[in-house]
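Dear colleague,

Please find below the structure that I am handing over to you. My notes on what was found in it follow directly after.

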Amino acid sequence: MFLFAVLPATFFNVAIAQDNDTINTRDLEIRDRDYLMQTNVRYRNLFVPDALMDTWFYNSDTEGAYSEPRPSIGATVIGLEYAFLNEGNTWTIWGEYMGSKLEQGYWDDIETSETVDHDDGDWVRPDNFSGWWGGFNYAYTVPLTDPNKAISLGLPMGGGLGVGYITGNLTYWRPGTAIETDCEPAAPAYVRYSVCEPDGEKEFPRFLPILDISLGLDVNFANRAHIRFEGGLHDMIYYGISAGGTF
Ligand SMILES: [Ca+2]
């Protein structure tokens with residue numbers, strides 16, 4: 001008799017508890033600690049538009065310039081995010097690894113004077129060029145659909161600051177006419193790189209500030225998981241995706 005009385009009641013309670021879990025988890029947790037947390041994995045593709053680099057360097061489509069295309073500046077970053085959410089506000093701490101996509105090639109600066117010299121550029125070869133970046137972001141999410149539904153859309157927009165540490169080297173060759181050398185002293189850098197020892201490694205700041213401006217589309221589903229498509233500025237122009245869970 002006891003079992004017959006208790007079992008249905010227990011099942012009933014469990015059913016109600018599960019129902020509450022799926023429907024009101026967010027509300028309950030927000031009441032518990034006033035905010036939600038989120039962990040995400042991010043992937044971003046970074047690049048500097050060729051049109052911008054055309055301001056400072058010739059490319060192969062210029063008459064008389066070196067025949068091979070100038071290298072494109074780009075990188076891939078993968079990273080982790082830890083975020084705190086309250087209402088539409090998101091505060092994110094992030095860290096990431098930057099893998100450079102820069103290839104070796106010839107950099108011929110644009111002359112502002114009347115004399116144009118296409119042989120005065122350096123040949124630059126990245127060696128293990130990569131980096132570790134981290135920072136802090138804020139975003140405000142404008143809801144596009146009811147955020148309390150199991151599936152919802154939002155437009156996060158925001159920005160942040162970070163710092164990056166660059167590892168690896170930029171090995172270079174100069175034109176023979178610009179230095180004292182016994183190796184191809186009359187040849188430009190795009191010839192010397194294949195037959196001469198490098199002339200050195202470029203000096204540059206190992207730490208760089210990172211400015212982040214982001215606009216995204218956040219797709220939330222099952223009250224727990226989300227995928228964010230985003231783009232903006234991450235020192236370079238970027239587009240990317242991040243995905244994770246909320247708890
Ligand atoms: Ca030049």
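I begin with one residue and its surroundings. Setting aside neighbours within four places in sequence, Asn 220 is in contact with Ile 151, Ser 152 and His 226, where two residues are in contact if their C-beta atoms, placed from the backbone, lie within 7 Å. Asn 220 belongs to strand E8, which covers residues 207-221. Asn 220 counts as buried because it has 22 C-beta neighbours inside 10 Å. For this term, a residue is buried if 20 or more other C-beta atoms lie within 10 Å of its own, exposed if 12 or fewer, and partly exposed in between, with C-beta atoms placed from the backbone. The C-alpha atoms of Asn 220 and Ala 150 are 7.4 Å apart, although 70 residues separate the two along the chain.

Two remarks on the source are needed before going further. This is a predicted model, in which local features need pLDDT of at least 70 and side-chain atom pairs count only at pLDDT 80 or more, while totals for chains, interfaces and linings use all residues. Residues are numbered from 1 along each chain as its sequence is written.

Overall architecture

The chain contains three helices and ten strands. Helices (H or I, at least four residues) and strands (E, at least two) are DSSP runs, numbered from the N terminus. Read from the N terminus, the order of elements is α-β-α-β-β-β-β-β-α-β-β-β-β. Of the 247 residues in the chain, 23% are buried. Among contacts between residues at least 6 apart in sequence, 63% join residues at least 24 apart.

Strand E5 (122-143) takes part in several pairings, and two strands are said to pair if DSSP finds at least two bridges between them. Strand E3 (residues 89-100) runs antiparallel to E5 and is joined to E5 by eleven bridges. Within the E3 range, Gly 95 stands opposite Gly 134 in E5. Strand E4 (residues 105-107) also pairs with E5 in the antiparallel sense, over three bridges. Here Trp 107 is placed opposite Asp 122 of E5. E5 and strand E6 (residues 152-173) are antiparallel as well, and 19 bridges connect them. Pro 143 has Gly 154 in E6 as its bridge partner.

Nonpolar cores

Which residues make up the largest nonpolar core? The eight residues are Tyr 66, Tyr 106, Trp 123, Val 124, Trp 173, Ala 189, Tyr 190 and Tyr 193. A nonpolar core is a set of buried Ala, Val, Leu, Ile, Met, Phe, Trp, Tyr and Cys residues joined through C-beta atoms within 7 Å. Strand E5 and helix H3 (189-195) each supply at least two residues of this core. Helix H3 gives the most, with three residues. Apart from its neighbours within four places in sequence, Tyr 190 is in contact with Tyr 66, Tyr 106 and Trp 123. There is also a second, separate core of seven residues, which includes Leu 46, Val 77, Met 98 and Trp 133.

Leu 208 in strand E8

Leu 208, like Asn 220, is found in strand E8. Leu 208 is partly exposed because 15 other C-beta atoms lie within 10 Å. Not counting residues up to four places away in sequence, Leu 208 touches Gly 164 and Ile 166.

Loop residues

The loop between E6 and H3 holds Thr 181 and Glu 184. Thr 181 counts as partly exposed because it has 17 C-beta neighbours inside 10 Å. Thr 181 and Asp 199 are 18 residues apart in sequence, and their C-alpha atoms are 9.3 Å apart in space. Glu 184 has a positive phi of about 45 degrees although it is not a glycine. Glu 184 is partly exposed, with 17 other C-beta atoms within 10 Å.

Where does Asp 235 lie? Asp 235 is in the loop between strand E9 (225-234) and strand E10 (236-246). Asp 235, which is not a glycine, has a positive phi of about 65 degrees. With 17 other C-beta atoms within 10 Å, Asp 235 is partly exposed.

Yours sincerely
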